Amino acid sequence: MDHRDQPEPSSPRAVVIGGGIGGLTAALALHRRGVPVTVHERAASLEPVGAGLALAPNALRALDRLGIGDRLRALAAPHPAIGVRHPSGRWLARTGSDAVEAFFGDKLIAVARADVIDALVDALPAGAVRTGSRAELVEPGDARTPAVVRTADGERPAELVVGADGIRSATRGLLFPHHPGPRYSGFTTWRSVIARPPRPPFAAGEVWGRGRLAGVVPLADGRVYVYGAALAPAGARAADGDERAELLRRYGGWCAPVPELFASADPAGVLRHDVWELADPLPAYHLGRVALLGDAAHAMCPFQGQGACQAIEDAVVLAAGVRPGEDPAAALAGYTAARLPRATAIVNGSRAVGALVARRSPLTVLARDLALSAAGLLPDRLLLGRASATYDWHPPALDGPRAT
C-alpha cells in the first residue's frame, strides 16, 4: 500500500508521527473532528508488522465512534467459546462468547492486523498518509508557539503533534529524556497466520504451561492466528535460525492442535519479537503541543490483549478533547489526566498476568492451575466481572463538524 499520491499540506494543523494502529486511529479521530492531519510513516508501505489482533469491547466501542467498528466485526470468525487449557488438553477455565457479549454488550473478536490498517486508511482522506516519510520532533512548542517537526521537506510548524512512533519512540525520548525507557519483560513471542490449517475448525483460547503459553485464534476465511510466548534471554534466537523449528521444540508435545498448527506455519512467516514494556510510567502523556499514545506512551506485555485496544482508546480520547477552532494544546492536560491512570493500571495488570505465565516450579504451576480451575467454576457474571474494569469502558463522543 502506497499513499503518497498527494503532496503534504504546507501547514498541517496536526502531524502524526507513526502509521501504526494508534497513529492511524488518532489521524482518523482528528479528521472526524474537522482537524486537518498528516501522518508520516517512515516505512515504504503500511504492510503491517504482526499477524492477528484482538479487539475487545472497549476498543470496538471506540472504533464505532469512527464508523468502522461494524466493518471489523463482519471480518471476525465466530468463536463459540474461549478459555485456557493445560498442555494435556484439559480445560482450566472456559466461557462462551455469547456470555461475553451479553455481559459487556459487545463481542471480543480477533481480526488480521492488515484488515484494521486497511479500514483506518480507507476512512482517511487521500493524501493524509505519507509512507516512506521520516518525521521527527524538533521542538515541542508551548501555549504560545507551535511545535516544530522535521521531514524530508524541511522543518514545519504544527499546532498539534501526535507521537505514535512505537516502543523505541524518539518523540518520547525528546519529551522525557530522563525516563529510563522500556524494560525487557523476560518473554519472547512468536506469531504467524496459517492460511490453510489442518483439520479446521479450532476452538479459540490459550494453553498455559511452565513459563510459556500458546494461543489459537480462528480468523475469517478459514485462517488461524497462532502465537507463542516463553521466557527467554533478550535477543535470543533459534540456534539454527529456524523459528518454526524452535516452536516445535518448545510446543511439540502439547495438546492438539498446537503442534499441528505450528508445523503448518510458513517458516518465513513466523515472526519473533522480544516483549519490552514501559514498566515505569511516564510523568505525563504530553508536553507542550505533543501527545504520546500507544506503545510510545505505555508499552505493555501482551497477556491481556490490550496493547492495540489502549492505543485506540488513546486516539479517541485525545481527539474528543480537541475543540475545532480552538488551540489544540489546551486539550492535552485533560488527555493525560484521562489516560495515564487507566493505561498504567492495564500495564500493571498485563504484567501480573505475565507473572502467572512465568511460573515454572511444579508447585507454583499447580497452584496457578488450581486457581484457574476454581475461577472457571464461577458463574459467568462473576468470572467476567473481573474484566469489567478493562472491557466496560465507553468512549467520549466525537462531536464536531465531521463527527459522523
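pLDDT is the predictor's confidence in each residue, from 0 to 100. In this predicted model, the protein chain has a mean pLDDT of 92, and 95% of its residues reach 70 or more. Over residues 1-11 the pLDDT is below 50. Beyond near neighbours in sequence, that stretch still has 34 contacts in the model, a contact being heavy atoms within 4.5 Å. Where pLDDT is low, the predicted coordinates should not be read in detail.

Some ground rules come next. Residues are numbered from 1 along each chain as its sequence is written, and side-chain values use heavy atoms, with hydrogens and water left out. Local features need pLDDT of at least 70 and side-chain atom pairs count only at pLDDT 80 or more, while totals for chains, interfaces and linings use all residues.

The largest nonpolar core has 79 residues. Such a core is a set of buried Ala, Val, Leu, Ile, Met, Phe, Trp, Tyr and Cys residues joined through side-chain atoms within 4.5 Å. Buried means under 20% relative accessible area, exposed over 50%, and partly exposed in between (1.4 Å probe, protein chains only). Among the residues with the most contacts inside the core are Leu24, Leu55 and Leu293. Helix α10 gives the most to this core, with nine residues. Helices (H or I, at least four residues) and strands (E, at least two) are DSSP runs, numbered from the N terminus. Leu293 touches residues including Gly22, Val162, Asp314, Leu318 and Tyr335, not counting residues up to four places away in sequence.

Now take helix α2, residues 57-65. Seven of its nine residues are buried, so α2 is largely enclosed by the rest of the structure. Pro57, Asn58 and Arg61 are among the buried ones. Just after α2, Gly67 takes a positive phi of about 85 degrees.

Strand β15, residues 224-231, is also largely enclosed by the rest of the structure, because seven of its eight residues are buried. Which strands join β15? Strands pair if DSSP finds at least two bridges between them. Ser192 stands opposite Val226 in β15. Strand β14 (residues 212-218) joins β15 by seven bridges, again antiparallel. Here Leu213 stands opposite Ala229. β14 and β15 form a hairpin with five residues between them. In that turn, Asp221 has a positive phi of about 65 degrees.

Aromatic rings come next. The structure holds eight aromatic pairs. Rings of Phe, Tyr and Trp (its six-membered ring) pair if their centres lie within 6.5 Å; planes under 30 degrees apart count as stacked, over 60 as edge-to-face and the rest as tilted. Phe187 and Phe303 have ring centres 4.8 Å apart and planes at 65 degrees, so their pair is edge-to-face. It links distant parts of the chain: Phe187 lies in β12 and Phe303 in the loop between α9 and α10, 116 residues apart. Phe187 is buried at a relative accessible area of 3%, and Phe303 is buried at 12%.

Tyr285 and Tyr335 have ring centres 6.4 Å apart and planes at 50 degrees, so this pair is tilted. Tyr285 sits in the loop between β16 and β17, and Tyr335 in helix α11, 50 residues apart. Phe103, Phe104 and Tyr391 form one aromatic cluster.

Rings also meet charges. The charged end of Arg168 sits over the ring of Trp276, 4.5 Å from its centre. A charge sits over a ring if NZ of Lys or CZ of Arg is within 6 Å of the ring centre and within 35 degrees of the ring normal. Arg212 lies over the face of Tyr251, at 5.9 Å from the ring centre.
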